[in-house]
Amino acid sequence: MKLLQNANTFLLVVAGLSFAGLIYLGYTSSSIRFKVQRFCFNITKEHQESALLQLPQGLSFNQPSVVGPDGKIVPVTPWLAPIVWEGTFDPTLIDSVYKQQNVTIATTVFALGKYTVFLKEFLESAEQNYFVGFHVHYFIFTDHPEEVPDVKLGEGHQLTVMTVDSSNRWQEMTLRRMERLEKLIESRLVKEADYVFSLDVDTKFYARWGAETLGRLVGVLHPGYYQTPREQFPYERRPESQAFIPYSDGDYYYGGAVLGGAVKDVYEVAKTCREQLDIDAAKSIEAAWQEESHLNKYFVYNKPSKLLSPEYLWQDFKPQTNEVKIIRFSQVIKNYAAVRPNP
């Protein structure tokens, strides 16, 4: 009898331990499932935040305004990307935020042929206004390295000369920029920089250009077309070109003089545009405004995460308008016949 009681007690203990184990396993597996689900959710959320906002072709929508009927500027796009104007940011605050991240901004400048005459003013004005106090690395692409001026650079700024072949057509100089930017990112910037801007050399900085311009993918509103109906944009209108945009599509016209963003996102732009340029070239097609046409095609269907107002790309011959309170960066007046190798 005593033996039987001991056996019953033993069985009760085993049953209790088994039940407790099942409860523990159920709890821990639920916890593991929760952690896995939460981890997957975080990945998905991160992917969604960093993914391109792609617009389906053929979608009908109204053209957005940059300046409202009351003359006030519009600070955001229909896809909720900010449009950077004077008064929409605190320069001290935003610079402080990005300086803590110790970011490096690579900046490509193409000065081929006689365009080297613009380098001195470009660099000197940049050193007074462009990402002052940040790590900046200029990459000057030129076929005349001996003509790159010796400009004193600020703390944290450096310059590398990239020697390239000459061309007897200014259109060819423009068309090769995307290819050269793509290769530079592949070979160096992917390891050396956080952001990259590609800027025209025949320009001058007149005021601050800082961390307010940083973003995943950044375009600039062309100063000649930001209040123009899209039917009048100088998009490439020939269907046989890879840069083709129908009259019914488009929201803004972007200037090719400025392209920027995170290195990996600018790489996708450069790579895609270079591929489209190659396809056109194989068919002896040259888009209306070379790489600017292909850039606009990319931005119509792959939305930039930030737009720079015309403050960041003006034209010296153009009178300042009421909505443009400050001119930060502008294309200088030049004699095209004197600097271009061909009409």
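Student: Where do the side chains of Arg-208 and Glu-212 meet, and at what N to O distance?

Tutor: A salt bridge is a side-chain nitrogen of Lys or Arg within 4 Å of a carboxyl oxygen of Asp or Glu. Arg-208 and Glu-212 meet in one, at 2.5 Å, N to O. The model is predicted: local features need pLDDT of at least 70, side-chain atom pairs count only at pLDDT 80 or more, and totals for chains, interfaces and linings use all residues. Residues are numbered from 1 along each chain as its sequence is written, and side-chain values use heavy atoms, with hydrogens and water left out.

Student: Is Glu-212 buried or exposed?

Tutor: Buried means under 20% relative accessible area, exposed over 50%, and partly exposed in between (1.4 Å probe, protein chains only). Glu-212 counts as buried because its relative accessibility is 2%. Arg-208, at 23%, counts as partly exposed.

Student: How many salt bridges are there by this rule?

Tutor: The count comes to 19. Glu-86, Glu-311 and Arg-328 are linked in a network of them.

Student: How far apart in helix 6 are Glu-275 and Lys-271?

Tutor: Helices (H or I, at least four residues) and strands (E, at least two) are DSSP runs, numbered from the N terminus. Glu-275 and Lys-271 are four residues apart in helix 6 (residues 263-282), so about one helical turn separates them. They form a salt bridge, with the closest N and O atoms 2.8 Å apart. Glu-275 is partly exposed at 31%, and Lys-271 is partly exposed at 27%. In helix 5 (residues 177-192), Glu-179 and Lys-183 also lie four residues apart, and their side chains form a salt bridge at 3.1 Å, N to O.

Student: Which residues of helix 2 are buried?

Tutor: In helix 2 (residues 91-100), these are Ile-94, Asp-95 and Tyr-98. Seen down the helix axis, the buried residues fall within an arc of 100° (taken from the directions from the axis to the C-beta atoms), so they line one face. Thr-92, Leu-93 and Gln-100, on the other side, are exposed. Strand 6 (195-199) is included in what covers the buried residues. Just after helix 2, Asn-102 takes a positive phi of about 55°.

Student: What does Leu-119 touch?

Tutor: Contact means heavy atoms within 4.5 Å. Not counting residues up to four places away in sequence, Leu-119 touches Val-109, Ala-111, Ile-140, Val-148, Pro-149 and Val-201. Leu-119 lies in helix 3 (residues 119-129) and is buried, with a relative accessible area of 0%. Pro-149 is 30 residues from Leu-119 in sequence and 7.0 Å away in space, C-alpha to C-alpha.
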